[in-house]
Amino acid sequence: MRKKRWPWVVLTLLLSLLIGKHVLLDSAAEPSGKYVIDVDALHRVATAQGGLPEQIEVEKIADFAFPQTFAVAGGGFHMHPMILLAHRVLWPNRSLIIDTAMAPEASKEMPGSHADAAAYGRLQAALLHANTIIVTHEHEDHVGGLAKAPNFSALADKILLTQEQLSSPKLKREDFAPGTLESLKPLSYNGLYLVAPGVVLQKAPGHSPGSQLIYVELANGTRYLFIGDIAWTAENIQTKIGRPGLAKLLMKEDRGAVAAQLQALSELPKDVHVVIAHDPVTYARDVKAGLFHQGFSGL
Ligand SMILES: [Zn+2]
């Protein structure tokens, strides 16, 4: 008697799909080591020379949305709202920009996107006024505003992209006009690096090779840690569950390194305000609490 084979084929297929879903979407990564965020050391370096900044402004450049399971492994398929932000650190006589979002023409490619062209215009004006421009990492939704800056040569001297960011395979070189990237002087540093009074960098490779933490301490003692995309939502830090295996597949993310960083972030003192680049919930909460002034002023 001939055995029917199709039930086994269907079962194997179903099993493969279930295993694939588990590996790519549902399972959290284990930390690949220990990542240390020494807040006392950051504070010491930030304040060593005095002259701390007085406030931070924020612009929301666009809204978009991803399925929740892309942001938190195992999170399900409902759409998870996300935002693009740019921040401006202000001293009485200088300013520094953290992250430059991306142009409305580029952000409209993102699912569910809505761009604020006026906010993007203010960001471009603020870039021209700024003394220093730094980014949390080299992905296009953080350097896109630089890549498409109408007057790149006027910005080149104040753009501090790190060696790792400039040499990263994740930097979309084709977004930049020919010769512009080559005109930049790479920033090389080890350990903690004071980039401006009150502003300290620490490397945090994982989400991308050029990812870094940006610690900012204001004259009034308020402390911030800009973490870029280590987390996409506060839930990543609270649960210590990062993005799913798909993130490794699509973004070449080092998920073990990110898991170690999420662990360190979850243990920070409560008065260090963690700034998540794409989280609309913490953004609204922080603006309401007066941690950021909404909108770039005086341009
Ligand atoms: Zn991002």
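This is a working chat about the predicted model shown above.

User: What should I know about numbering and cut-offs before I start?
Analyst: Residues are numbered from 1 along each chain as its sequence is written. The model is predicted, so local features need pLDDT of at least 70 and side-chain atom pairs count only at pLDDT 80 or more, while totals for chains, interfaces and linings use all residues.

User: How many helices and strands does the chain have?
Analyst: There are 12 helices and 11 strands. Both are DSSP runs numbered from the N terminus: helices are H or I with at least four residues, strands are E with at least two.

User: What is the radius of gyration of the chain?
Analyst: It is 21 Å. A compact globule of 299 residues would have one near 19 Å, so the chain agrees with that. The radius is taken over C-alpha atoms, and the globule rule is 2.2 Å times the number of residues to the power 0.38.

User: What box do the C-alpha atoms fill?
Analyst: Roughly 90 × 40 × 35 Å, along the principal axes.

User: How much of the chain counts as buried?
Analyst: 43% of the 299 residues. Buried means 20 or more other C-beta atoms within 10 Å of the residue's own; exposed means 12 or fewer, and partly exposed is in between, with C-beta atoms placed from the backbone.

User: And what share of contacts joins residues at least 24 apart?
Analyst: 73%, counting contacts between residues at least 6 apart in sequence. Two residues are in contact if their C-beta atoms, placed from the backbone, lie within 7 Å.

User: On to E2. Where is it, and how many of its residues are buried?
Analyst: Strand E2 covers residues 79-90. Nine of its 12 residues are buried, so E2 is largely enclosed by the rest of the structure.

User: Which way do E1 and E2 run?
Analyst: Antiparallel, with 12 bridges joining E1 (residues 55-67) to E2. Strands count as paired if DSSP finds at least two bridges between them. Phenylalanine 66 stands opposite histidine 80 in E2.

User: What joins E2 to E3?
Analyst: A hairpin, through four residues. E2 and E3 (residues 95-98) run antiparallel, with four bridges. Leucine 90 stands opposite serine 95 in E3.

User: Switching to the five-strand sheet. What is the strand order?
Analyst: E6-E7-E8-E9-E10, in an open sheet with mixed pairing. E6 (192-196) and E10 (272-275) stand at the edges, each with a single partner strand, so one side of each has no neighbour in the sheet. The twist averages 25° from one strand to the next. For that angle, axes are lines fitted to C-alpha atoms (for helices, over the stretch in contact), and angles run from 0 to 180 degrees between N-to-C directions.

User: Is E8 covered or open?
Analyst: Mostly covered: six of its six residues (212-217) are buried. Gln212, Ile214 and Val216 lie on one side, and Leu213, Tyr215 and Glu217 on the other.

User: How does E7 pair with E8?
Analyst: E7 (residues 199-203) and E8 are antiparallel over five bridges. Glutamine 202 stands opposite leucine 213 in E8.

User: And how does E8 join E9?
Analyst: They run antiparallel, with four bridges. Glutamate 217 has arginine 223 in E9 as its bridge partner. Five residues lie between the two strands of this hairpin, and glycine 221 in the turn has a positive phi of about 95°.

User: In what sense do E9 and E10 pair?
Analyst: Parallel, over four bridges, with E9 at residues 223-226. Tyrosine 224 has histidine 273 in E10 as its bridge partner, and phenylalanine 226 stands opposite valine 275.

User: Now H5. Which of its residues are buried?
Analyst: Ala119, Tyr120, Arg122, Leu123, Ala126 and Leu127. Seen down the axis of H5, the buried residues fall within an arc of 160°, so they line one face of the helix. The arc is that of the directions from the helix axis to the C-beta atoms.

User: Which exposed residues sit on the face turned away?
Analyst: Ala117, Ala118 and Ala125.

User: Last one: is isoleucine 133 buried or exposed?
Analyst: Buried, because it has 24 C-beta neighbours inside 10 Å. Isoleucine 133 lies in strand E5 (residues 132-134). Beyond four places in sequence, its contacts include Ile97, Leu127 and Leu146. Isoleucine 97 is 36 residues away in sequence, yet the C-alpha atoms are 4.8 Å apart.
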